[in-house]
Amino acid sequence: MAQENKNLLGQFIPIQYHHHMLQDIARMQGFRGAIDLLVRPSDKVLELGGGTGVLSFFAAQTAEKVYCVEYNPELVSEARRLHKLNPNCEKIEVIHGDATEYVPPEPVDVVVCEMLHSALLREKQLEVIDAFKKNYQAQYGENLPIFIPGATLQAIQPIYQDFKFEGYYAPVIMFQDPYSQQPRTMEMGDPVVYHQIVYDQPYELSVKWSGTLTASAEGKVNALRFITKNVLAVNPQTQQIVDWHNGYLVLPLEREISVSPGKEITVSFEYESGAPLTDLRPYVGEKIS
């Protein structure tokens, strides 16, 4: 893939995919709950990567003003069209612009950004928020707004995945609904956290990890499952967390590894956030006692 296309990866997702996201109940309820919890009536809100404008709509039900920035002109038109059909959207200004460059005309209280993909690949969440913080602080000083989500945690898990489809063996990258049962997947060990991001704190744009996964069952490991959990908000009174999981990413291994309880598998990988899925190429081996 040419470098210039890599830089645009995730920014021109077909509009039908954005329409599909409106049907994602866990995503919609999670962000609505977080926005309802954290946005106050006097707040100014900025959404980076507005898509169809639904998260700006949630914010506009409470906030005084919402700035919605979107790079794709087709989605700018779609958000403006849909906002005309919904209440309180006169508070929303949809801006056709690059979220890595945009600075709002006034300080804002809350920033919403859902440019998230499994393992923080494909989309530019880390890059966009990192650029926003630098641009915003240069204009308005060190104090940052609240971010939704506030944090992302990533974990990795050894599994056995059934890659046969009506008798056709196809070990390919797959996505799984994290809120549904997965009868074709056998968990061969517990997930291990390999990466954590808190968005109002400094962070690296690359992801690098080396560690071990411990088997908890007898059998074979033929894939790794990558888990991406987003902490959307924390209720300051109850400390209850509003979260949302991206789809699990299942990555087949080049060879199966036989395991028994207690056996350790070594894993190492490094990739840039926002990179293509094919850039995730872990080295997996068997730990020798």
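Visitor: Quick one to start: is Ser77 buried, exposed or partly exposed?
Guide: Ser77 is partly exposed, because its relative accessible area is 48%. The scale calls under 20% relative accessible area buried, over 50% exposed and what falls in between partly exposed, using a 1.4 Å probe and protein chains only.

Visitor: And where does Ser77 sit?
Guide: In helix 5, residues 73-83. Helices (H or I, at least four residues) and strands (E, at least two) are DSSP runs, numbered from the N terminus.

Visitor: What's the background on the model and the numbering?
Guide: This is a predicted model, where local features need pLDDT of at least 70, side-chain atom pairs count only at pLDDT 80 or more, and totals for chains, interfaces and linings use all residues. Residues are numbered from 1 along each chain as its sequence is written, and side-chain values use heavy atoms, leaving out hydrogens and water.

Visitor: What's the mean pLDDT, then?
Guide: It's 94, and 95% of the residues reach 70 or more. pLDDT is the predictor's confidence in each residue, from 0 to 100. Over residues 1-6 the pLDDT is below 50, and that stretch has six contacts (heavy atoms within 4.5 Å) beyond near neighbours in sequence.

Visitor: Switching to the inside: how many residues are in the largest nonpolar core?
Guide: 49. A nonpolar core here is a set of buried Ala, Val, Leu, Ile, Met, Phe, Trp, Tyr and Cys residues joined through side-chain atoms within 4.5 Å. Among the residues with the most contacts inside this core are Leu46, Val112 and Tyr199. Helix 4 (residues 54-60) gives the most to this core, with six residues.

Visitor: What does Leu46 touch?
Guide: Leaving aside residues up to four places away in sequence, its partners include Tyr67, Tyr102, Pro104, Val112 and Phe132.

Visitor: Why does Phe269 count as buried?
Guide: Because its relative accessibility is 5%. Tyr271 is buried too, at 3%. Phe269 and Tyr271 form one aromatic cluster with Tyr194, Trp209 and Phe226.

How values were computed
Rings of Phe, Tyr and Trp (its six-membered ring) pair if their centres lie within 6.5 Å; planes under 30 degrees apart count as stacked, over 60 as edge-to-face and the rest as tilted.
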